[in-house]
Amino acid sequence: MDIVIRILCLGVGYCLGLIETGVIYGKLKGVDIRKHGSGNLGMTNALRVLGPKAGLVVFIGDLLKAFLPCLIVNLSFRPFYPDSYMLYVLYTGLGVVLGHNFPFYLNFKGGKGISSSAGAIIGLLNPWMCLILLVVFAIVVLISKYVSLGSICLMVAYVTVFIIFAVNGMLCFNPDIPESRSAMIESIILSVIFAALAIIRHRENIIRLINHEENKLQFHKSEDKK
């Protein structure tokens with residue numbers, strides 16, 4: 001039964017992840033975001049191609065499509081799985097990220113999953129974790145002006161914080177209960193997969209960062225106003 005629940009969470013998450021906010025918003029403005037800028041479907045490219053409003057809309061849309069289902073799973077599963085419900089939240093969030101990153105109807109060419117990953121993390125409903133990660137992301141971006149670097153550091157910090165919180169009893173897991181301990185280990189593995197996906201999707205950014213060729217955060221006028 002637990003395996004079925006995992007598959008359902010992953011599958012429903014993937015379907016919701018297929019809602020590509022960047023594509024939808026771009027079409028409403030008469031712009032195919034896949035043919036402009038980096039061609040990416042996420043917030044950063046929307047920001048550069050269509051302006052700050054577009055970036056904000058895409059960020060909120062991609063975040064909510066992960067946060068809302070994760071929130072529902074969190075609140076629904078918590079009474080029945082008090083020592084492991086976060087595992088199912090993570091399966092749901094991972095499904096959304098996979099759907100966003102690899103939409104089958106767009107030849108599996110989607111976004112990089114940072115906004116959706118953030119939505120899934122917020123869906124865990126741990127305010128201290130969210131605060132720490134927000135501070136990490138903000139500091140890195142403000143100092144470096146690289147959203148890509150901030151995103152990578154965010155996901156690495158997430159794995160680190162999740163592990164620290166989990167093993168110290170600051171999440172739902174109870175190490176004294178075998179099933180909960182197993183769920184904790186599985187959740188850590190899923191968290192590592194979250195971070196690995198983000199890093200892999202940013203591999204070109206990493207190369208540009210190393211070569212000092214990465215574009216810094218800038219605001220441009222929307223192309224649809226030409």
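**Buried charges and nonpolar cores**

Glu214 has a relative accessible area of 8% and therefore counts as buried; this term applies under 20% relative accessible area, whereas exposed means over 50% and partly exposed in between, with a 1.4 Å probe and protein chains only. The model is predicted, so local features need pLDDT of at least 70 and side-chain atom pairs count only at pLDDT 80 or more, while totals for chains, interfaces and linings use all residues. Residues are numbered from 1 along each chain as its sequence is written, and side-chain values use heavy atoms, with hydrogens and water left out.

Glu214 is paired with Arg208 in a salt bridge, where the closest N and O atoms are 2.7 Å apart. A salt bridge is defined here as a side-chain nitrogen of Lys or Arg within 4 Å of a carboxyl oxygen of Asp or Glu. Side chains of opposite charge can pair when their charged atoms come close. Arg208 is partly exposed, because its relative accessibility is 27%.

The structure holds five salt bridges. Another of them joins the side chains of Glu186 and Arg6, at 2.9 Å from N to O. This pair links distant parts of the chain, since Glu186 belongs to helix α9 and Arg6 to helix α1, 180 residues apart. Helices are DSSP runs (H or I, at least four residues), as strands are (E, at least two), and both are numbered from the N terminus. Both Glu186 and Arg6 are buried.

Within helix α4, Asp62 and Lys65 lie three residues apart, about one turn of the helix. Their side chains meet in a salt bridge of 3.5 Å, N to O. Asp62 counts as buried because its relative accessibility is 1%, and Lys65 is likewise buried, at 8%. Together with Glu20, these two residues are linked in a network of salt bridges.

The nonpolar residues come next. A nonpolar core is a set of buried Ala, Val, Leu, Ile, Met, Phe, Trp, Tyr and Cys residues joined through side-chain atoms within 4.5 Å. The largest such core has 40 residues, of which Met129, Tyr158, Phe162 and Phe173 touch the most other members. Helices that each supply at least two residues of this core include α1 (2–17), α4 (52–77) and α9 (178–201). Residues up to four places away in sequence aside, Met129 touches Ile121, Leu124, Tyr158, Val161, Phe162, Phe165 and Leu171; such contact means heavy atoms within 4.5 Å. A second, separate core comprises eleven residues, among them Tyr25, Val31, Ala54 and Val58.
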